[in-house]
Amino acid sequence: MSASPPLDAILSRIAAAAQAAGRSPSEVVLTAVSKQQPWEAVAPVVAAGQRVFGENRVQEALSRWEGRREGLELRLIGPLQTNKVRDAVALFDVIETLDRDRLAVALADAAGRAGSLPRLYVQVNTGEEPQKAGIGPLEADAFLKRVRGELGLQVEGLMCIPPADEPPGPHFALLAKIAARNGLEKLSMGMSGDFETAIAFGATSVRVGSALFGDRAPPAT
Ligand SMILES: *Cc1c(COP(=O)(O)O)cnc(C)c1O
């Protein structure tokens, strides 16, 4: 395995944050967010042994990872349209952005057809931002009950993206609280700017893009 100094640096920071919180570094998974990155930026990180990658668009993920996916875990961390469910179910190991009833119904339908589903996280819009995806924090309990009960979907955990202009800690705490009262142990929270805080609040996976790969190219239109 070749070395990747940026990957080593992020893994060291994750380990230090876990230890500072009295947790084991092995409890925190690094999701390397490869969206909008050229393959030359991603390849050294794969070569250095990183196995979990995050993408926010189905089509872009398909073109980046087709034929290179062997042995890796791919996580969808961006909004999923119902007309892309079939492709997403075929490509991803984890979908972190289950956020509405229509999508839950489409996933249940796909499960019936495909026989299995990616692992699922429910995205919670902890800041109740109108422009942001995610189920509202006040609706989360009922949504989880419907999805796990009536629709029979297995949910692994919760995911959130705190408002950019607020301290993230209270949002991470809220996500942890909703997870605890619903018997969920996995929390996908924390990005380049705040993953150490997220680990202090119990993150079990952190989604790190720019701190690992550098600035992203502008999104394809
Ligand atoms: C792009 C993205 C990230 C990574 O953001 P960075 O600040 O570059 O680490 C994490 N989570 C989600 C949902 C994203 O869309």
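So, the ligand: the space it takes is the largest pocket. Sitting in a pocket means more than half of the molecule's atoms lie within 2 Å of the pocket's grid points. A pocket, on a 1 Å grid over the protein atoms alone, is an open set of points where a 1.4 Å probe fits, with protein on both sides within 12 Å along at least five of seven lines, and lining residues have an atom within 4 Å of a point.

Quick caveats: this is a predicted model, with local features needing pLDDT of at least 70 and side-chain atom pairs pLDDT 80 or more, while totals for chains, interfaces and linings use all residues. Numbering starts from 1 along each chain, and side-chain values use heavy atoms, without hydrogens or water.

Okay, the pocket has a volume of about 330 Å³, counted as the space filled by probe spheres set on the points, which are joined across faces, edges and corners. Its lining has 19 residues, and the closest to the centre are Lys 35, Ile 77, Ile 161, Met 191 and Arg 207.

Who's around the ligand? With a heavy atom within 4 Å as the cut-off, the shell includes Val 33, Met 159, Ser 192, Val 208 and Ser 210.

Now the polar contacts, meaning N or O pairs within 3.5 Å. The Arg 207 side chain has an N or O atom 2.8 Å from a ligand nitrogen. Ligand oxygens come in too: one is 2.8 Å from a polar backbone atom of Gly 209, and a polar side-chain atom of Arg 216 is 2.8 Å from a ligand oxygen. Alone, the ligand exposes 390 Å², and the protein buries 90% of that, by Shrake-Rupley with a 1.4 Å probe.

How values were computed: Polar contact = N/O pair within 3.5 Å; in protein donor to acceptor, adjacent residues only side chain to side chain.
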